[in-house]
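I opened my notebook to keep track of what I looked up here. The entries go in the order I took them.

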Amino acid sequence: MKKNRRKVYMAAGYHTTSLGTGRKEFHPKKPRPGLEEYIQEAGRGVLAQIGGGRCVDEGIIGNFMAARFNRQGHLAAFIPSIDPDLRWKPCTRVECACASGGVALTTAMKSVLAGTADVVLTVGVEVQNTVKAIYGADILGGAGWYRGDRKKGHAYFFPSLFSDRAGAYAEKHGRDKTRQAFARWFRNAVENARLSETAQECHNACEDLEALAMTEPNPRSFVDHLNVFDCSKVSDGAAAIAIMSEEGLERCGIPKSEAVEVVGWGQVEADLTVPPSDPTELETTRRAVQKALDAAGIGLDRIGTVECHDCFTISGILSVEAIGLAAKGEGPDYVLAGKTSRQGDVPFNTTGGLIGWGHPTGATGVRQAVTVWQQLTGKAGAAQIKISRKRPYALSVNMGGNDKTVVAIVYKKAGRKLRAKP
Amino acid sequence: MSYIDRMENVTVLGAGGKMGSGIVLLTALEMADLALDPAHKDRDFALNAVDVSPKALSGLTKYLRDQVLRAAEKRTVALRGVYAGRADLVENEEIIRQYVEDVVALVRPTTRIEAAYGSTLVFEAINENPDLKVKLLTQIKDHNTKDAWFLTNTSSIPISELDARVGLGGRIIGFHFYNPPAVQKLVELIRAGTTLPELADFAAEYAKKLRKTVVPSNDVAGFIGNGHFMRDALHAVAEVERLGREYGFVDAVYMINRISQDFLIRPMGIFQLVDYVGIDVCRFILGVMNERLPGQGLHSPLVDQMVQRGIVGGQFADGSQKDGFLKYEKGRPAGVFDPAANAYVPLAQVAPRCDERLGPPPASIRPWKGVITRPDKAAFLEGYFRELRGLSTLGAELARTYGKRAKEIGLGLVKDGVARREEDVNTVMLTGFYHAYGPVNGYFD
């Protein structure tokens, strides 16, 4: 990975509520906001912090499957609906399945690095509650290889792919420990979500989350090795953030103390037509994170918080290993030892992650960046964790499909002078 | 004849009715499981849905489509396997749509009873009118070329009586679903003394395939379910007459309805349940029971009067509730019938004064819906009723009287040889009426 030729910053993040089952205001039969409202709410949330649309050079929007969930294409043309001053500016929609948000971030960063823009409004959005989950499974199945794999696949296509990973992992490293780590992951996710007003699981009042999450999987109605608590839910939501150069920060009047700097990133693609060589490993994630860390020139011991792509509990455990915090087969021990909890060495998913906060697929990568920005600039409210001087960096990992597209980004609070690694 | 031979050509009589449509649905789903098995691809499965009303049949088709769709959405994991050989069906949506088509295609709606002449199995779900049942079953028996077996959904008429009057020689069994058949878990199985053992075996297998809870009932008019429900309702009517002398009819209906729902933690108040079943249907059932069990007071002038006035409850074709003892708005009780004025008094007028009279329910009260799913249901009920026993309000007193009577009725069913054991009575009320607890309990002792 080449070093960035300019400094790239992110600031003025905003995300909507993650709406879906679990939220008190959600009712499947009541009218809900659509794509437009989510895009506008998130976009305006950013513009209000950076001086309006006139300060923006370009718009990028990440979305996975609006064409099927909402029968709507051409999302780039919704960006000017956020603010009249965004009309006549270049806008692009990007799609990389559940990594669409992450790829929206890197696409925006590339414009800043190329020097063609100093301020890029980056939005991610998905509105999925338009169909029942059984049909949503078809739509999300588009993140896999339709011609090659869909027909022989499961009704719940993606849960089943990760269920297979969970089954292989349990077989190799022990079922009890794995199952318990899944349950702990769920508990951590919901406990963190309770600290975030916008989280889908914010209203979850279950007293014994781990016991609930130990529910035996039911292959008759779902998949072999995962229960519903192992899965992120169906979510509607959007997130947005401004990606800027130094000049962009000045133009928008954003002090560096209010921004994060992207110090390294990696974007990696695997072949959609080839199954993972080892189902118990997230190889693409591992490669993306390594690239990001190399570019940042730091080691894992400097990472203070991680936003990882826990679309399923097993993806959470495998992410811990792919990032390198635990050796293969030791992810469950790492989690069960409390190291990923908010009191742990490296708090993961401090507002709940995909399982706790929610997973509006195309928005997730951007939402992760917003959460990181909030944590590093002290804006995380009740969910705020302490960022120590020893571990001042944050890492986000956004995965598309079955570990096919991965974007990993390393951040630090902008303007913070950091001692070189001894 | 094997189970599958028997299931190849089925007729449901009264297919457009509330019970009949549910029976068609469940039977069609079961037949589809057989028909979609590649081993049976050369067979021609048919479910003749017979009803006198073309309108009811068109309602049936819509109901079936909606319900089969819902069933398919829940069973998609298995359905993908069923259609694994169909390369053209890839996504869940395509498979679900095909399944709905395949199930609906099994059902042949018709107003012509002749459709039953070629059937191997006839399921009767017409009005609870013994003479009409006998007439239609006789006509089918006389013309049927397949030695058909008969399942009857009668909720009150003794099976041995139908067998003797139609002359079926034991080719009949009582297979009593609860309303709505697709939801209520219970099937009461009633063998006449003459019922063929192989028919009884078939009925048990069929109930098992439908994943129903089976309770055997002896062949006594009303069986267990209506044996309890009708007597329970007559207790309510007697209480209304007693309380009515002091508080007036309208207030008495409101109070007993509220006691039987809220205070006793049941899904519906007793008068709402009578309206739901249909006051005319209740009258039919009472008529059948009273004739066969004379001297037990199984009749109600009040019920007769309501039917004479044309106030019969039941549901409209779209499933919404018709007015009866109570008036309904959006499916919820909104008024109480006043026979003197021949009009409904809004609940808002009646409730405050009656609720004050009844006094507050036990503080630990929870609505039925929250109670049935509680993991600690037994302990909760124990505590709740202990509290109820300690209260001296009018409401608590009426509830205790009601609960005691319900238990007495339950024990009576065992004593009179209708139910084989107390547990069967409780199972019927739990799975056929969705009660939170069985009537034979220690809560009111």
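Before anything else, a note on domains: their bounds come from an automatic or database domain assignment. I'm working with a predicted model, in which local features need pLDDT of at least 70, side-chain atom pairs count only at pLDDT 80 or more, and totals for chains, interfaces and linings use all residues. Residues are numbered from 1 along each chain as its sequence is written, while chains are lettered from A and ligands numbered from 1 in the order in which they are written.

**Entry 1: the domains of chain B**

Domain 1 of chain B puts in 20 residues and domain 2 of chain B puts in 19 residues.

Which elements supply at least two residues each on the domain 1 side? I found β7 (186–190) and β8 (213–217) of chain B. I noted how such elements are picked: helices (H or I, at least four residues) and strands (E, at least two) are DSSP runs, numbered from the N terminus. The largest share of that side, four residues, comes from β8(B). I also sorted that side of domain 1 of chain B by class: seven nonpolar, nine polar and four charged residues. For the classes, Ala, Val, Leu, Ile, Met, Phe, Trp, Tyr, Cys and Pro count as nonpolar, Asp, Glu, Lys and Arg as charged, and the others, Gly among them, as polar.

**Entry 2: the domains of chain A**

Chain A's domains are each written in two pieces: domain 1 is 8–132 + 234–257 and domain 2 is 156–229 + 263–407. I read 23 Å between their C-alpha centres. The contact takes 39 residues from domain 1 of chain A and 31 residues from domain 2 of chain A. On the domain 1 side, α3(A) gives the most, with seven residues. That side of domain 1 of chain A divides into 17 nonpolar, 18 polar and four charged residues.

**Entry 3: where the chains meet**

Next I checked chain B against chain A: nine residues from chain B and ten residues from chain A make the contact. On chain B's side, α4 (76–82) and α5 (92–106) give two or more residues, and α4(B) gives the most, with three residues. I counted chain B's side by class as three nonpolar, two polar and four charged residues.

**Entry 4**

I traced an open sheet of three strands in chain B, in the order β9-β10-β11, with antiparallel pairing. Two strands pair if DSSP finds at least two bridges between them. β10 (residues 332–338) and β11 of chain B are joined by four bridges. In this sheet, B:Phe337 stands opposite B:Tyr344 in β11(B).

**Entry 5: B:Tyr254**

Is B:Tyr254 buried or exposed? I have B:Tyr254 down as buried because 31 C-beta neighbours lie inside 10 Å. The cut-offs are 20 or more other C-beta atoms within 10 Å for buried, 12 or fewer for exposed, and partly exposed in between, with C-beta atoms placed from the backbone. B:Tyr254 sits in helix α10 (residues 249–263) of chain B. Apart from neighbours within four places in sequence, B:Tyr254 is in contact with B:Val336, B:Val350, B:Ala351 and B:Cys354. From B:Tyr254 to B:Val350 I read 7.4 Å, C-alpha to C-alpha, although they are 96 residues apart in sequence.

Key. Two residues are in contact if their C-beta atoms, placed from the backbone, lie within 7 Å.
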